[in-house]
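Here is a short report on the structure shown below.

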Amino acid sequence: MATTIRKSVISSLARAKSGHLGGSLGLADIFTTLYFSVLTHNPLKPKWTDRDRVILSIGHVAPVLYATLAHCGYFSVEELQTLRKLGSRLQGHPGREHGLPGLELSAGSLGQGLSVAVGMAIAAKMDHKKHRIYSIHGDGELQEGSIWEAAMAASHYKLDNLIAIVDRNGLQIDGRTEEVMSLEPLAGKWQSFGWQVIECDGNSIEQLLSAFGNTGTAQNKPTVIIAETIMGKGIRSIEGDYRWHGKVPTTEKAVEFIEQLAKQ
Amino acid sequence: MNHLINKGNKPTKTGFGEGLLEAGLRNPAVVCIGADITTSVGCNFFAEAFPLRFISLGIAEQNCIGVAAGLALEGKIPVFSTYGVFAALRTTDQIRVSLCYNNLHVVIGGAHAGVSVGPDGATHQALEDLGMMRILPNMTVLSPCDATQTRVATIAAIEQVKGPVYLRFGREAMPDFTSGTMTFEIGKSQLLVAGDDLTIIATGHMVWEALQAAEILETKGLKARVLNMHTIKPIDKEAIIRAASETGAIVTAEEHQVIGGLASAVSEVVVQNCPVRMAFVGMQDSFGESGDPGELMEKFGMTAEAIASAALRLVSRQT
């Protein structure tokens, strides 16, 4: 399924002629694991009150969210081809006002999603609800101070119904995170903020399943999964190349990339 | 002639706190977010009455807005208050994306409006908040005139609006002259004094000053109309156009920068519909400073006398 999602990401971005390929490909295994194995959800009832919530804080990787939602059955796979076009429900960065089923939050300005997830998790606690809130973050995004305000609040309120996932690909637009603004020791930062930390290979479904399986084992603590991924994963020629953060393939390249994926 | 009497000075923040408590008693979905200055912004009544619905988040305003968005997505009605300088300015991006773009019903109380905050000085005197908030799509902006009206407006903001609301109030005890039974409709200004020689459109604390200014003008033989523009957005176009066409001159009065605030909002309507001469009473593109509230209002030209002389200059220019 992750390969199918990658193909949809590539073809929708090639059609859109702008957008963010690298991160979307890197996250495909995380989205596949989450939506096809971990989440309690029903694509036919996107507003079901007991569903698990997914907050995508890094709105720029919307293509992987859209592709996953479509392949889950929230809407048709054909609609992916409208990405970034006028009148589309698939905005460049997610926008709820356009009415896309399965989309929980309009987002795109970095550093805001964790706070929203904290608010949802507090509301769930207040209402004695059992569903979980998953929020997805980039590693570069963790340079935003508001993330740490939210991290503090999550452990203060003992939000064990909140699971943050950090896409640790080590890259951002200006280059390597550790050169732009270092994040290490990253696990130690989260631990010192009172979080349970699980580290895993974010491109291994097996490791991701085990990581998600271990969430909720620390009572009274929020959990963060630091998932090491490779930007551009699946397309050998662009893997780990930060220049593909905000770039899309030409139609010819897209065909070549999709053929590469088909061979895997 | 003005028939409104000051029932005694009272801070508008107290009206906010009373309104929040009242709405909270009526609806269990109302929750309140604190950013360390709970009593200072009037949220203590609610926090004491409903400790389980009060969420303390510390000095972290950006997070407060995001958490409010999350709560609102789950059907709560979050009310978040801190000083307007932080509520509207530190968190503008969070308000823009997490609240306004998602069109979520969250009520933001912007406290410490204007220079009447007094001795704390410029950093804590909110003078740009109305301008910042009114340019955001989906946002409703309220600026009630006294403690009683702030209570009424707070309840209306919580119970009647669907999207995000910014509600502004002050710290200093100021004349409390409206009655709780007066009709209050969001988006509809209140005609407080009838008159046809010119119109004073005022908001917040400046409404009382406008009433006094109308009395001064009456002694000079001028009958001023006074409108209480308690809603900055959506602005009451109809009343503004009527004032322009019927009185031919408009003075705006606000405890806020004239750039971007009430003066701008009224002008936008006037110039497109019925251009007339206008004068702006308010902060003239400067920061405030420390001092007693009264001294500061005088120094920065935000008094009844200042409104009256602006009105006289305006009318004499016309003749």
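## Domains of chain B

In this predicted model, the C-alpha centres of domain 1 of chain B and domain 2 of chain B lie 25 Å apart. Domain 1 of chain B spans residues 9-175, and domain 2 spans 190-318.

The two domains of chain B touch: 29 residues of domain 1 are in contact with 30 residues of domain 2. On the domain 1 side, four elements of chain B give two or more residues each: α6 (129-134), β6 (140-142), α7 (147-160) and β8 (173-175). That side of domain 1 of chain B divides into 14 nonpolar, ten polar and five charged residues.

## Interface between chains A and B

Chain A puts 21 residues in contact with 21 residues of chain B. On the chain A side, the elements giving two or more residues are α5 (113-126) and α6 (145-156) of chain A. The largest share, eight residues, comes from α5(A).

What is the class make-up of the side of chain A that touches chain B? It has ten nonpolar, eight polar and three charged residues.

## Helix α9 of chain A

Helix α9 of chain A covers residues 205-213. Its buried residues are A:L208, A:A211 and A:F212. They sit on the same side of α9(A), because they cover an arc of only 95 degrees around the axis.

The face of α9(A) turned away from the buried side carries exposed A:E206, A:S210 and A:G213.

Methods
Residues numbered from 1 in each chain as written. Chains lettered and ligands numbered in written order. Predicted model: local features only at pLDDT ≥ 70, side-chain atom pairs only at ≥ 80, totals over all residues. Buried ≥ 20, exposed ≤ 12 C-beta atoms within 10 Å, placed from the backbone. Arc of directions from axis to C-beta. Contact = placed C-beta atoms within 7 Å. Nonpolar A, V, L, I, M, F, W, Y, C, P; charged D, E, K, R; others polar. Domains from an automatic or database assignment.
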